[in-house]
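User: I would like to learn how to read a structure, one feature at a time. Please show me the general idea for each feature and then the case at hand.

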Amino acid sequence: TPLYSSAASDVYKRQTFIRDLVEARAESHRIDVVLTGHSHNYERLSKTYGNQKTHFFVLGGAGGGLEPPESSDYPVMDRVIKQHHFAVFSVTPGGVEVEVIGLDGAELDRWTSH
C-alpha cells in the first residue's frame with residue numbers, strides 16, 4: 001500500500017501505520033527513498049523531515065487497470081502519471097537516478113537524487 005497516493009480511493013489515507021513509522025524515523029534513520037505499489041499509476045513525492053529529504057515513489061502501473069483520471073485533493077503529489085510503465089533505478093556512490101518508461105519506450109519521468 002502506498003504511503004502517499006493521489007488515488008481517489010480513501011482506503012490509502014486510512015492506512016497510516018507504515019506512514020507513521022517512516023515519518024517518525026525518516027530523519028534519524030536517514031531514509032532517502034521509499035518504494036511502494038498497489039495504486040495503479042506512477043506517483044512521486046518529496047518531503048522534508050528536519051534535515052532529511054525523503055522521496056516516495058508509487059510504481060504501480062505495470063499491469064491491471066489504471067487508476068481513474070480524477071485524483072484526490074490530498075496529498076498533492078510532485079508528479080502523477082496514469083499510464084502503464086516500468087522504472088529503471090541506477091544506484092552509484094554519487095546518488096540514485098530513476099527513469100520511468102512507458103510501454104511505448106518513451107521516457108515519462110526522470111528523477112535524480114542530489
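User: How many positive and negative side chains does the protein chain have?

Analyst: Lys and Arg count as positive and Asp and Glu as negative, while His and the chain ends are not counted. Each charge is placed at NZ of Lys, CZ of Arg, CG of Asp or CD of Glu. In the protein chain there are 11 positive and 15 negative side chains, and 4 Å separates the centres of the two sets. Two remarks on the source belong here. This is a predicted model, in which local features need pLDDT of at least 70 and side-chain atom pairs count only at pLDDT 80 or more, while totals for chains, interfaces and linings use all residues. Residues are numbered from 1 along each chain as its sequence is written, and side-chain values use heavy atoms, with hydrogens and water left out.

User: Which secondary structure does the protein chain have, and in what order do the elements run?

Analyst: Helices (H or I, at least four residues) and strands (E, at least two) are DSSP runs, numbered from the N terminus. The protein chain has 2 helices and 7 strands. Read from the N terminus, the order is α-α-β-β-β-β-β-β-β. The radius of gyration is 14 Å, close to the 13 Å that the globule rule gives for 114 residues, so the protein chain is as compact as a globular protein of that length. That radius is taken over C-alpha atoms, and the rule is 2.2 Å times the number of residues to the power 0.38. Along the principal axes, the C-alpha atoms fill a box of roughly 40 × 35 × 20 Å.

User: What share of the residues counts as buried?

Analyst: Buried means under 20% relative accessible area, exposed over 50%, and partly exposed in between (1.4 Å probe, protein chains only). Of the 114 residues, 39% count as buried. The accessible surface of the protein chain is about 6,500 Å², with 53% of it belonging to carbon and sulfur atoms. Such areas come from the Shrake-Rupley method with a 1.4 Å probe, and for residues only the protein chains shown count as cover.

User: Why does Arg44 count as buried, and what does Arg44 touch?

Analyst: Arg44 counts as buried because its relative accessibility is 13%. Arg44 sits in strand β2, residues 42-49. Contact means heavy atoms within 4.5 Å. Not counting residues up to four places away in sequence, Arg44 touches Phe56, Phe57, Met77, Asp78, Arg79, Asp109 and Trp111.

User: Which side chains make polar contacts with that of Arg44?

Analyst: A polar contact is a pair of N or O atoms within 3.5 Å; within protein, one must be able to donate a hydrogen and the other to accept it, and residues adjacent in sequence count only if both atoms are side-chain atoms. The side chain of Arg44 has such a contact with the side chain of Asp109 at 2.9 Å, and another with the side chain of Tyr42 at 3.5 Å.

User: Is Gln52 buried or exposed, and where does its side chain find a polar atom?

Analyst: Gln52, in strand β3 (residues 52-59), is buried because its relative accessible area is 9%. A polar atom of the Gln52 side chain lies 2.9 Å from the backbone oxygen of Ile31. Leaving aside neighbours within four places in sequence, the contacts of Gln52 include Ala26, Arg30 and Lys47.
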